[in-house]
Amino acid sequence: MSSIADASAHLTVTANQPTAVGSPDARSPTQAKPFLIVIGDAARRGEPPPPASRLIPIGDLLPIGRAVKGNGWTLSHRRASSRHAVIRKEATGYVVSDTASTNGSFKNGHLVEADAPLSNGDLLFFGGHAAVFRLLTPEDAEDIGHGLQSPFTQVASASLAVARLEAKLRVLAPTSSEVLLVGETGVGKEVYAAAIHAASGRKGAFVPVNCAAIPRDLVESELFGYAKGAHSQAIQPKAGLVDAAVGGTLFLDELGDMPHSAQAKLLRFLQTREVMPLGATRAKQLDVRVVAATSRMEPEADSPGLRADLVGRMGAAAITLPALRERREDIGAFIDHQVAASRTTDTPFEIDPSLFFALCLYRWPRNIRELTNVVHTATLFAGVATTMTFRHVPESLLTILDPQTSSAEPPRKADGDTSRRPANTRRPPRELPTRAELERELSTHQGNVMRVARALDRHPKVIRRALQQHQIEANAFRVPKRP
């Protein structure tokens, strides 16, 4: 049983995740056609192919492999076989079949051992390549293609949900209209706010403000400033953050954390474009565009939430940014973008295929911010190495796939491959660590099984099995806390 198949024991991949803007499942099935949207290639550090090759129409039959030409998907990774897999239309829908490939084909982390039916949103892995099965209308495919050719942000998106929201933002950006962005923490609200400002043509500065980080009793004075003598510390007048954004864009992040009194004053400013600093007697006119964001519209125990009248003033409707788990098509592009930003050399760099698949399968509860942090740290840990492996990522990802003890037999070479087996392909099974190895590493790492697993380059499950066989108690090596 392959390590990727083992992933199903550790996480659940929902095939038909609803997207925040324009769910693909809302389309008529008679109009939608099947496509593969390529996520990326592990040998190219997750980088997807050029925009013209990202969307692959399936038709009635799609052969997949290194030797495939013409109407098929030509793979390039060394772990791919000449004739790796095929997707075909059946009476009941579309199925994927492995065609006796060397390293297997996988759907949502499960080894494909027979015809596997496909649903919208399924993740597929072939060799070192990853893709998403999508049902798209011709209009959907056109929208995605336009978004890939003319990205609104630094990372071009192959997500239909993102393509539709970016189409709206392209229309709104050059206007003076306020924009309210809504989405989970880490989905990139500030990135989109900056992109709106860049596309607006406004000559002033982009001024980001984290409303949640300003003490509530100081919000009004920080935003709108104060006059001399407004309070005991007001020896001199102070301009507010709104003044700093004159001629530009003021980005108010986590607007729902702003006290309602300050929200009322902001509403007044949006209506009149006039600001009355604390302690002042005369208002001043300011040319400032406001873009706001929030991760929650409703009040909570630690948040006042957004005033309904302020929401009504912030544009016709909020723009909802999808979570990363709803746009898995873009994971490879985000990984490649962060690796490029983190590496200091131009030497070739790739990702272990099993790790790349794990990054695609992981649900990323903290979204793009979490992914970029993980990849940045892993790139730094990799150093001068040419491959990012499970050694370089946080322990939370080690529970998804076992990159080392994954096959009952050593893998055969791909068709036509006369080279030696690459170091990052699957290994034959190894003997369990010895008692001496376990006790040495347990002493070094004070009984931490995860760290022992990293040090021995083994999966934590293997270490626990070895501890049980040798009747070793890991807790005995822990250093007791001081009273």
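Modeller: Start with the largest pocket of this predicted model: helix 5 contributes the most to its lining, with five residues.

Biologist: What volume does the largest pocket have, and which residues are closest to its centre?

Modeller: The volume is about 510 Å³. The lining comprises 22 residues, and V187, G188, K189, V191 and I368 are the closest to the centre.

Biologist: How do I read the lining by class?

Modeller: Sort the residues into nonpolar, polar and charged. In the largest pocket there are eight nonpolar, eight polar and six charged residues.

Biologist: How do I read the length of a helix, say helix 4?

Modeller: Compare the span with the one expected at 1.5 Å a residue. Helix 4 covers residues 160-172, 13 residues in total. From first C-alpha to last it reaches 19 Å, close to the expected 18 Å.

Biologist: Which residues of helix 4 are buried, and what covers them?

Modeller: Buried means under 20% relative accessible area. In helix 4 the buried residues are L160, A161, V162, A163, L165, E166 and L169. Their cover includes strand 11 (129-136), helix 3 (138-149), strand 12 (179-182), helix 5 and strand 18 (319-320).

Biologist: And the cysteines: are C211 and C360 buried or exposed?

Modeller: C211 counts as buried because its relative accessible area is 4%, and C360 is buried at 0%.

Biologist: How many disulfides are found?

Modeller: Zero, in a search of the whole structure.

Technical notes: Residues are numbered from 1 along each chain as its sequence is written. This is a predicted model: local features need pLDDT of at least 70, side-chain atom pairs count only at pLDDT 80 or more; totals for chains, interfaces and linings use all residues. Side-chain values use heavy atoms; hydrogens and water are left out. A disulfide is a pair of cysteine sulfur atoms within 2.5 Å. Buried means under 20% relative accessible area, exposed over 50%, partly exposed in between (1.4 Å probe, protein chains only). On a 1 Å grid over the protein atoms alone, a cavity is a set of points where a 1.4 Å probe fits but cannot get out, and a pocket is an open set with protein on both sides within 12 Å along at least five of seven lines; lining residues have an atom within 4 Å of a point. Grid points are joined across faces, edges and corners, and a volume is the space filled by probe spheres set on the points. Helices (H or I, at least four residues) and strands (E, at least two) are DSSP runs, numbered from the N terminus. The expected span of a helix is 1.5 Å times one less than its number of residues. Contact means heavy atoms within 4.5 Å.
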